[in-house]
Amino acid sequence: MARDPKFDVLFEPIRIGPKTLKNRFYKTPHCTNFGSDWPGAQAYFRAVAAEGGWAAASTEYCSIHPSSDHAPLSSGRLWDDSDVRNLSLMCDALHEHGALAGVEFWTGGAHAPNFESRMPAPGVSQIVSDCEWRQSCYEMDKDDIRDMQQIYVEATRRAIRAGFDIVNLYGGHDVPLTYQFLDPFYNRRDDEYGGSFENRARFWLETLELVREVADGACAIAVRISMDSLREGPLRLDNEDVCRFVELADPLVDLWDLQIGGSILEWGQDTLASRWGKENFQKPWHEMIRPHTTRPVVGVGRFTSPETMLAAVMSGQIDIIGAARPSISDPFLPKKIEEGRTDDIRECIGCNICAGRVMQGVLIACTQNATAGEEYRRGWHPERFTTAKNADRNVLVVGAGPAGMECATVLGRRGMHSVHLVEAEPEIGGIMRWIPKLPGLAEWMRVVSYREYQLSKLDNVEVITRTALDAEAVLSYGADIVVVATGSHWVGDGLNGVTHEPILGADPSLPHVFTPEQLMVDGKAVPGAHVVVYDVEGYFMGVGLAQKLRRDGHDVTLVTPHSQIAPYTFFTLEGWQLNRDLHAQGIRLVAEHLVTEISPDRATGCHVFATDHTVSWEADAVVLVTQRASDDALFRQLRADPEAREHAGISGLYRVGDCVVPRVVAEAVFDGHRLAREIDTDNPAIPLPFIRENRVLGASNLDYDLTVRTADGVPVHLSEPRRAVAVER
Ligand code: SF4
């Protein structure tokens with residue numbers, strides 16, 4: 001299918017200084033934790049997006065000197081020629097697909113903990129960091145400033161040697177020195193680099209001039225700038241000053257890369273979760289900056305709809321569609337528009353698990369795209385699937401939650417003779433049928449809608465609902481392979497990871513004790529005004545139920561044994577705003593308390609953690625968000641009877657998703673995907689080994705090649721599908 005001509009404008013080339021973007025799609029800098037230390041993963045992750053039609057892709061923040069070291073997080077690094085060598089793989093891979101390669105220069109001031117390099121951090125003014133515990137810096141004098149600018153110059157030379165086409169002087173959030181000089185929140189200097197706007201702008205402008213001079217047309221110069229610090233108070237950087245800076249710097253810049261937010265603690269203001277903003281939420285700020293520049297502008301805002309992208313470009317709001325999360329969720333988004341397959345776009349749900357992984361210091365993953373981060377180490381391609389060696393088999397997948405849906409979809413794409421996805425409920429989706437009904441999580445339904453549509457297109461997959469299968473029914477079904485994906489449920493006895501015991505008096509058959517499912521699915525009535533939500537899990541469920549109950553008019557107390565409310569949401573960049581919302585809604589927040597008893601007359605008792613102090617609440621109901629338990633009875637029953645399976649002709653029995661271990665949705669999707677990708681290995685229950693980019697003592701050669709080997713040892717080029725277990729070195 002050809003693209004709709006109305007989208008032609010999105011595929012026009014755009015000149016940025018000495019370089020040309022082949023279209024208006026730009027995979028903007030975003031964290032992965034691949035940095036320079038996982039060069040294979042870095043290269044393949046970005047290259048798959050280039051193959052999917054993005055005209056450029058960039059590294060994440062890239063430290064340009066050991067005095068800005070962010071260990072243990074893995075930023076990019078351009079400290080020396082070893083980094084040049086590692087990052088050049090990414091540049092080569094992007095160029096293979098006709099895309100430009102960008103690098104985002106970062107220097108951190110007080111925000112650079114320098115745990116690895118142990119260097120004192122050069123900074124703007126000596127004020128302790130607001131996001132890195134007790135980290136500070138020394139105030140650079142003019143000689144130090146010259147040295148720092150020389151660091152930018154040398155980094156530009158290295159970037160050019162690595163093959164980068166775009167050098168981006170990061171000035172977003174408040175983490176780079178460039179922005180810290182401009183922002184009075186950081187800049188308290190009284191020399192010519194502090195005080196007036198002109199003085200505060202000086203460092204960034206001078207550095208731009210120097211970088212531009214050394215680049216000398218070899219690469220384009222981009223600037224990522226925060227359009228609004230979103231900070232309150234007298235130290236706020238005026239938006240007017242940002243606009244003035246854009247005007248002043250415009251002749252030195254080939255591309256403006258726009259974002260919002262000041263403190264990196266509030267990174268979630270820019271990487272806004274879907275609970276607070278729909279796509280194109282940064283439009284008002286784009287419109288603020290637009291009149292102040294004559295250069296191309298790339299803007300983000302979790303764009304997933306081609307219509308919204310088109311409107312943003314046609315209105316002049318931005319010139320280039322920038323994306324981090326939409327490109328993670330669907331690296332082939334531009335290609336799908338180009339090929340007239342917009343219904344196939346795997347839309348980001350705005351859950352921020354991708355950022356959460358990075359914040360936890362591990363490699364990126366995605367709820368919607370199970371292949372994100374697995375392009376190199378497992379050889380997974382988001383759009384290509386090899387025909388399974390055992391494609392003549394019939395597969396029965398029991399349970400159509402996230403894991404079952406994903407498994408059936410991939411099995412279908414791998415050409416299995418027939419795949420039956422059988423669900424007991426009237427609709428598919430499992431937990432994702434009701435989780436999106438929690439306040440703000442409506443877009444999470446895309447986990448279901450995307451897969452529902454993909455399944456409908458697969459002739460070899462049949463989706464059967466309203467059909468509960470017990471072991472006997474499974475054995476007589478006629479399947480060669482059975483995959484059990486029956487999910488999990490919230491326990492009603494209060495068993496939890498803190499005490500490892502149930503809670504005294506917790507019994508969900510009582511009218512005042514609730515599990516999340518009883519509230520959200522069964523419609524069990526809450527017998528009064530005051531509800532205590534007890535959240536041991538610490539992610540979205542406890543706060544989501546508290547918000548729902550409050551919206552329904554209840555008086556809500558949210559109790560948690562953790563020191564923070566919903567601690568995992570601080571990884572997903574939601575924690576700060578979520579806490580503000582809970583306060584604004586009038587939900588009482590009680591941290592560091594352990595519920596020890598629920599009385600039979602509706603009062604809940606609470607014991608203060610690690611003290612003798614005891615409090616109790618006269619509540620009408622208590623909702624227990626303590627832990628989930630796998631619904632694995634069917635699997636265990638089938639597994640216990642190998643003779644019956646053999647008699648039934650079942651050669652393979654596997655389980656995926658929450659019925660193995662209840663985890664986040666991203667892991668359930670991954671698990672279903674992984675099994676289907678490896679359904680034809682010797683033992684699909686055991687994942688194939690993945691490539692570890694570790695240093696091996698005695699290894700004579702750590703060179704990477706764009707050629708990798710399949711599991712059968714066949715060399716395959718980067719752009720070909722592969723199932724790699726070893727890289728050719
Ligand atoms: Fe979007 Fe969630 Fe995937 Fe991140 S993890 S790209 S927010 S779907």
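Trainee: On what basis are residues numbered and values counted here?
Mentor: Residues are numbered from 1 along each chain as its sequence is written, and side-chain values use heavy atoms, with hydrogens and water left out. The model is predicted, so local features need pLDDT of at least 70 and side-chain atom pairs count only at pLDDT 80 or more, whereas totals for chains, interfaces and linings use all residues.

Trainee: In the open sheet with the order β19-β26-β20-β21-β22, which residue of β22 is the bridge partner of Leu558?
Mentor: Pairing in this sheet of 5 strands is parallel. β19 (513-514) and β22 (588-590) have a single partner strand each, so they stand at the edges. Strand β21 (residues 555-559) pairs with β22 over 3 bridges, and the bridge partner of Leu558 is Leu589.

Trainee: What angle does helix α16 make with β21?
Mentor: Helix α16 (residues 540-551) packs on this sheet and touches β20 (530-535), β21 and β26 (621-625); contact means heavy atoms within 4.5 Å. The direction of α16 makes with that of β21 an angle of about 170°.

Trainee: Is the crossing of α12 and α13 left-handed or right-handed?
Mentor: The axes of helix α12 (residues 402-413) and helix α13 (residues 446-456) come within 10 Å and cross at roughly 30°. The two are therefore roughly parallel, since angles under 35 degrees count as roughly parallel, over 145 as roughly antiparallel, 65 to 115 as roughly perpendicular and the rest as oblique. A crossing is left-handed if the near helix is turned anticlockwise from the far one by less than a right angle, and right-handed if clockwise. The crossing of α12 and α13 is left-handed.

Trainee: How do the residues of the contact of α12 with α13 divide by class?
Mentor: Pro402, Met405, Glu406, Ala408, Thr409 and Arg413 in α12 meet Val447, Val448, Tyr450, Arg451, Gln454 and Leu455 in α13. Ala, Val, Leu, Ile, Met, Phe, Trp, Tyr, Cys and Pro count as nonpolar, Asp, Glu, Lys and Arg as charged, and the others, Gly among them, as polar. The division is 7 nonpolar, 2 polar and 3 charged.

Trainee: In which sense does α12 pass α21?
Mentor: The axes of α12 and helix α21 (residues 665-677) come within 7 Å and cross at roughly 30°. That makes the two roughly parallel. The crossing of α12 with α21 is right-handed.

Trainee: Which helix supplies the largest share of the shell around the ligand?
Mentor: The ligand has 13 residues around it, of which Cys348, Cys351, Asn352, Cys354 and Cys366 come nearest; a residue is near a molecule or strand if one of its heavy atoms lies within 4 Å of it. By class, the shell has 7 nonpolar, 5 polar and 1 charged residues. At least two residues come from each of α9 (325-329) and α11 (353-359). The largest share, 3 residues, comes from α9.

Trainee: What is the phi of His173?
Mentor: Most residues other than glycine have a negative phi, and most peptide bonds are trans. His173 is found in the loop between β9 (166-171) and α4 (177-182). Although His173 is not a glycine, its phi is positive, at about 45°.

Trainee: What is the omega of the peptide bond from Ala71 to Pro72?
Mentor: Pro72 lies in the loop between β4 (56-63) and β5 (76-77). The bond from Ala71 to Pro72 is cis, with omega near 10°.

Methods: Helices (H or I, at least four residues) and strands (E, at least two) are DSSP runs, numbered from the N terminus. Axes are lines fitted to C-alpha atoms, for helices over the stretch in contact, and angles run from 0 to 180 degrees between N-to-C directions. Two strands pair if DSSP finds at least two bridges between them.
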